[in-house]
Amino acid sequence: MAVTRFTKMAYSTADEMVFGKATKPVKAGLGLEIGAGYTTPEVNYAPRPEAGASKEKLIKEYERITTDIMARMVQIGAPSVVLETEHVQQMSNHPDWGAAVAHAQKTIMEDYHDEYGIKCALRHTIGDIRESRDFLQLRGDKYNTFMEAFEQCAQNGADLLSVESMGGKEVFDYAILRNDMAGVLFGIGVLGSMDMEMIWSDIAEVAKKNKVVAAGDTDCAQANTAMFIAGGLLDKNLAHTIAIIARAISAARTLCAYEAGATGPGKDCGYENTIVKSVAGVPIAQEGKTSTCAHSDLMGNLTMQCCDLWSNESVEYHGEFGGTTVQCWSETLAYDCALMNVALNSGNEKVLRDMFTASDMYRDAQGYVLAYQNAYRVGEAIAKSGNDIYIRAKNAALESIAIVEEGAKGKLGLSRFETKALADAKASFEALTDDKDKFMSDCLDKYKKEVKVFLPENYGL
């Protein structure tokens, strides 16, 4: 398994990073380039539950969704679009279902491209079906079905392959509820990274063989869980300072996909993607104010700062006054992209980027660390750490803590609750060993005893 670590930054300064441009643009689908000087809307949707009753019903639903989006994009004169199909479990558990959906969607997209010239690409995000109710089975029979789903989608029209992988989640879930920083670091930074290296080496092979794009992963299962538990400014279920530490660690994990052969664009719900872009130079999808149909995030404008694809997160397909949900959200995304593209074409992209960032940067510790200037610093902490997945994840955590401490001396307001959580977390991380083997051995002993569903053999341990 050849993995090449990123130990240098893709950009010499944070100021070089903007939306619509990546140091390593990606060509995909029908005439589309991502990160090559313009932004593109990426529409994300879910079928109605009853559509999953049969393969035929599901295909029909996705045909309607695809036609609705493509027609609306042409109607408003949008030059490009990406469609993201996040698999419902039937499509990944039965790879022929996912393949049939991909084929049906791509056929419609080809018709619109041929007739109207719209640039477009189809992303299929395979479901991580290796999770059962009782435990993760990361290797074995389920793994074979999981990989077959990538293979069949790649053969049947998907241009971009992605997944939201689950490795490390069983330990992370236990640790985050207990403010156990070593467990958060072990779950995301170590176990998550190890699992990512295995699956992305295989996904990259599938993509190469089928001449499609291994796009990337996101730490939705862990960092987004922390963000959702943390909630808004009235919530006290989890400190926002802890959520952003989990996010910084997740950047080291998400990078593993690109180190194992993925090329981007990274997936929309990876809020860590600005950090990843700073290190790897790959194009990224992001979501923010346009994901309010799915969740709230406290940084709705800021996330546009360096995006190459601009997404809405998943919306259930149904009717609204302005058309179907996918028509309404695709149109909103397209207008946001039009504004960013005018900024790029007129040389004003850095002004607009800085306005996006400034509008949310001091709202919350999470947005503060993910503001591109600070995200770049977390990226540097990762890149400077060399090849050790444990040390780089730990250093990302420590850098995010330092950034929040600096912010709290200025415009970033922190409550007593947040300040104490940050201080406690800092003490935990500073107390950790620098010896990966000792850390691994301590964690294996502890979590084998305390987390019944944690099976070290899932990670080849």
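What percentage of the 461 residues in the chain is buried? Buried residues make up 61% of them, where buried means under 20% relative accessible area, exposed over 50% and partly exposed in between, with a 1.4 Å probe and protein chains only.

Before you start clicking, two notes. This is a predicted model, in which local features need pLDDT of at least 70 and side-chain atom pairs count only at pLDDT 80 or more, while totals for chains, interfaces and linings use all residues. Residues are numbered from 1 along each chain as its sequence is written, and side-chain values use heavy atoms, with hydrogens and water left out.

**Stop 1: the whole chain**

Show the chain as a cartoon. You will find 16 helices and 12 strands; these are DSSP runs numbered from the N terminus, with helices being H or I of at least four residues and strands E of at least two. The radius of gyration is 21 Å, close to the 23 Å that the globule rule gives for 461 residues, so the chain is as compact as a globular protein of that length. That radius is taken over C-alpha atoms, and the rule is 2.2 Å times the number of residues to the power 0.38. Along the principal axes, the C-alpha atoms fill a box of roughly 60 × 50 × 40 Å.

Among contacts with a separation of 6 or more, 74% are between residues 24 or more positions apart; contact means heavy atoms within 4.5 Å.

**Stop 2: the nonpolar cores**

Next, select Phe186 and Trp200. These residues have the most contacts inside the largest nonpolar core, which has 99 residues. Such a core is a set of buried Ala, Val, Leu, Ile, Met, Phe, Trp, Tyr and Cys residues joined through side-chain atoms within 4.5 Å. Helix α6 (residues 181–210) gives the most to this core, with 14 residues. Apart from it lies another core, of 41 residues, including Val81, Leu83, Val101 and Leu122. In soluble globular proteins, nonpolar side chains tend to be buried together.

**Stop 3**

Select Val163 in strand β6 (residues 160–163). Val163 is buried, with a relative accessible area of 0%. Beyond residues up to four places away in sequence, Val163 touches a list of residues that includes Phe146, Phe150, Ile199, Trp200 and Lys267.

Move on to Thr85, in strand β4 (residues 80–86). Thr85 is buried too, at 0% relative accessible area. Leaving aside neighbours within four places in sequence, its contacts include Tyr45, Tyr62, Val101, Leu122 and His124.

**Stop 4**

Most residues other than glycine have a negative phi, and most peptide bonds are trans. What kind of peptide bond joins Gly264 and Pro265? The bond is cis, with omega of about 5°. Pro265 is in the loop between α8 (240–259) and α9 (273–280).

Select Lys211, in the loop between α6 and β7 (213–217). Lys211 is not a glycine, yet has a positive phi of about 55°. Is Lys211 buried or exposed? Lys211 counts as exposed, at 77% relative accessibility.

Finish at Glu313, in the loop between β9 (309–311) and β10 (315–316). Glu313 has a positive phi as well, near 60°. Glu313 is buried, with a relative accessible area of 9%.
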